[in-house]
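Welcome! Open your viewer, bring up the sequence beside the model, and get ready to click along.

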Amino acid sequence: MSDALINGLAGAGGGIIAQLITYPLQTVNTRQQTDRDPKEEKRSLGTIEQMCQVVKQEGWDRLYGGLTPSLVGTAASQGVYYYFYQIFRNKAEATALERKKKGFGDGSVGMFSSLVVAALSGCVNVLLTNPIWVVVTRMQTHSKKSVPNRSESLASETESLSSKEVILAAVEPPPYGTSNVIHEIYGEAGVWGFWKGVFPTLIMVSNPSIQFMLYETLLKKLKKRRSSSGKSNNDVTALEIFLLGALAKLGATVVTYPLLVVKARLQAKQVTNGDRRRQYKGTLDAIMKMIRYEGFYGIYNGMGTKIVQSVLAAAVLFMVKEELVRGTRWLLTSGAIDNVKSKPT
């Protein structure tokens, strides 16, 4: 089994576990990012309060809206990312060794090369998996309260319903599963609708690039300290990897968060009423309208929730991934040794 495939599968497994743990936070954060009315009372609510509000008004299931496509997207994204990351990383390491043979450098991959490797991997990942995340965003922002109003032509029919039936109709909208969302997106913009928000998302590859650059730099320094103290590099514990992953993600999130808000606004269902403040033609138009009508607060809306969710998810992801990689390599090595021993002499 190739090293790239091991890292790809381990990344997918770690991503799924991290997603399951932090998904309710992600749902609340997506709603915060797509909240376009700065006067809404719920802006003053904290993350936990808003989660409780969703549960009270819409039920526990709404905190996990879009979980199935999200898990598929997470597995695909992490698998694709880590697979191509390892391939590009191997090529960068080979290039560094060739340069060393020619008398240039020390044979190690520098920070800039690590940044380029992560950026290329991120671009491939975005282009392949963006449609999944458009579907997930729609399902996360779908609320049982936001039911389309009946047309005036049906007003007489509504009047004939009992008050209880009207309340039930207002609370329980039609089913909104994955297939419903796919048809809705296709009906609005065709195939290209599934690549909404791809431009800011491509720019946002700088987030994992910065994240991995920080992570590998911190990990390299920690291993160097281990070596200088006479300890093996394998002595890096799961807790230390957890903390390194959290620190790396924290730095990357603070820098790139505004792009994340823009991406969510573009991927969410566009408001079709006469309020042009809520209609975005593209990335630049969204940024300008958010700053103009909501202030700089708008482009950082929900950042506190995102930091908690993304830092926790990244920390779990790194920890689980490294343990899966380590365990897989151990199993493969043990299997190879057993095969050698079992051969007749």
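Here is a tour that starts with the whole chain and then moves from stop to stop.

**Before you click**

This is a predicted model, in which local features need pLDDT of at least 70 and side-chain atom pairs count only at pLDDT 80 or more, while totals for chains, interfaces and linings use all residues. Residues are numbered from 1 along each chain as its sequence is written, and side-chain values use heavy atoms, with hydrogens and water left out.

**Stop 1: the whole chain**

Colour the model by secondary structure. How many helices and strands does the chain have? There are 13 helices and zero strands. These elements are DSSP runs numbered from the N terminus, where a helix is H or I with at least four residues and a strand is E with at least two.

Accessible areas come from the Shrake-Rupley method with a 1.4 Å probe, and for residues only the protein chains shown count as cover. Of the 345 residues in the chain, 43% are buried. Buried means under 20% relative accessible area, exposed means over 50%, and partly exposed is in between (1.4 Å probe, protein chains only).

One last overview number concerns contacts, meaning heavy atoms within 4.5 Å. Among contacts in the chain with a separation of 6 or more, residues 24 or more positions apart account for 82%.

**Stop 2: a nonpolar patch**

Select L5, L9 and Y83. Together they form a nonpolar patch on the surface, with about 260 Å² of accessible area. Patches are made of residues with over 30% relative accessible area and no salt bridge; like charges are joined within 9 Å, and nonpolar side chains (Val, Leu, Ile, Met, Phe, Trp, Tyr) within 5 Å. Zoom in on L9, which lies in helix α1 (residues 3–33). L9 counts as exposed because its relative accessibility is 51%.

**Stop 3: K321**

Next, select K321 in helix α13 (residues 303–342). Is K321 buried or exposed? K321 is buried, with a relative accessible area of 5%. Leaving aside residues up to four places away in sequence, K321 touches N7, A10, G11 and Y82.

**Stop 4: salt bridges**

A salt bridge is a side-chain nitrogen of Lys or Arg within 4 Å of a carboxyl oxygen of Asp or Glu. By this rule the count comes to 11. Let's visit some of them.

Show the side chains of R31 and E58, which meet in a salt bridge at 2.9 Å, N to O. R31 sits in helix α1 and E58 in helix α2 (residues 47–58), so the pair ties together parts that are 27 residues apart in sequence. R31 is buried, at 12% relative accessible area, and E58 is buried too, at 5%.

Move on to R89 and E93. Their closest N and O atoms are 3.4 Å apart, and they form a salt bridge. Both lie in helix α3 (residues 67–101), four residues apart, which is about one turn of the helix. R89 is buried at 11% relative accessibility, while E93 is partly exposed at 33%.

Then pick E188 and R138, whose side chains meet in a salt bridge at 2.7 Å, N to O. This pair links distant parts of the chain: E188 is in helix α7 (residues 178–189) and R138 is in helix α4 (residues 111–141), 50 residues apart. E188 is partly exposed, at 38% relative accessibility, whereas R138 is buried, at 1%.

**Stop 5: a kinked helix**

Select helix α10 (residues 238–267) and look along it. A straight helix of 30 residues would span 44 Å at 1.5 Å a residue, but α10 spans only 36 Å between its end C-alpha atoms. The expected span is 1.5 Å times one less than the number of residues.

Where is the kink in α10? A kink of about 60° lies at T256, shortly before the proline P258. The bend at a residue is the angle between axes fitted to the seven residues ending there and the seven starting there. T256 is buried, with 4% relative accessibility. T256 touches M204, S206 and N207, not counting residues up to four places away in sequence.

**Stop 6: T201**

Finish at T201 in helix α8 (residues 198–203). T201 counts as buried, at 13% relative accessibility. T201 and L259 are 58 residues apart in sequence, yet their C-alpha atoms are 7.3 Å apart in space. Not counting residues up to four places away in sequence, T201 touches V126, N130, K263 and Q267.
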